[in-house]
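Thank you all for coming.

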Amino acid sequence: MAAEQSNNPPPQPPLPPPTLPLYPEMIMGAIEALNDASGSNKSAISRQIEATYGELPAAHTTLLSHHLNKMKQGGQLVMVKNNYMKPDPNAPPRRGRGRPPKPKTASSLPTTDAVASPPRPRGRPPKARDPFAPPSEAKAKPASSGRPRGRPPKKAKVESAVEGGVTSAAPARGRGRPPKVKPEVVAAPVEC
């Protein structure tokens with residue numbers, strides 16, 4: 001058995017894959033190497049990277065497109081007429097979508113010395129009361145016109161006494177529309 005094991009060569013450790021720099025570094029290096037004033041398109045950047053680093057992964061074009069878009073959105077690259085270039089250092093920073101936040105002023109910023117007051121309650125603030133007024137005056141109701149507030153209640157049905165019984169003055173009506181009165185048909189006498 002020892003002879004069988006000696007015939008097989010010992011397994012060799014796998015070779016480490018060639019190390020490539022990160023795609024953003026390769027893209028920036030390619031744009032600097034091309035040094036075109038109007039910028040470099042994606043195919044020119046890809047050819048420059050292939051010429052510089054040789055062996056690239058199978059998904060090189062997908063990775064390149066992804067990183068170019070990511071760098072463009074992050075502000076590291078500017079795209080003008082399908083050409084990528086470095087942004088101008090003197091250009092103002094790119095503004096994001098939506099309304100910009102209000103600038104913070106010194107009066108709105110809390111300080112360590114000041115104690116934060118609770119937020120104002122909702123609704124209308126109460127009227128100021130005189131602290132020296134007697135309590136009975138404060139609780140007295142304002143003068144009114146003599147009538148109570150709100151809608152008056154419905155009046156009770158008027159009842160009248162009729163020969164010992166209690167009946168209402170108006171006949172009771174049911175709900176809804178009253179039924180149609182049908183005319184009586186008089187039958188003609190039949191002659192025999």
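The buried residues of H4 pack against helix H2 (23-34), helix H3 (42-53) and strand S2 (83-85), where contact means heavy atoms within 4.5 Å, and where helices (H or I, at least four residues) and strands (E, at least two) are DSSP runs numbered from the N terminus. This is a predicted model, in which local features need pLDDT of at least 70 and side-chain atom pairs count only at pLDDT 80 or more, while totals for chains, interfaces and linings use all residues. Residues are numbered from 1 along each chain as its sequence is written, and side-chain values use heavy atoms, with hydrogens and water left out.

Which residues of H4 are buried? They are His60, Leu64, His67, Leu68 and Met71, buried meaning under 20% relative accessible area, exposed over 50%, and partly exposed in between, with a 1.4 Å probe and protein chains only. These residues cover an arc of only 105 degrees around the axis, which puts them on the same side of H4; the arc is that of the directions from the helix axis to the C-beta atoms. An α-helix has 3.6 residues a turn, so residues three or four places apart point the same way. On the face turned away from the buried side, H4 carries the exposed residues Thr62, Lys70 and Gln73.

Let me turn to the charged pair. Lysine 86 forms a salt bridge with glutamate 32, their closest N and O atoms being 2.3 Å apart, and the rule asks for a side-chain nitrogen of Lys or Arg within 4 Å of a carboxyl oxygen of Asp or Glu. The pair links distant parts of the chain, 54 residues apart.
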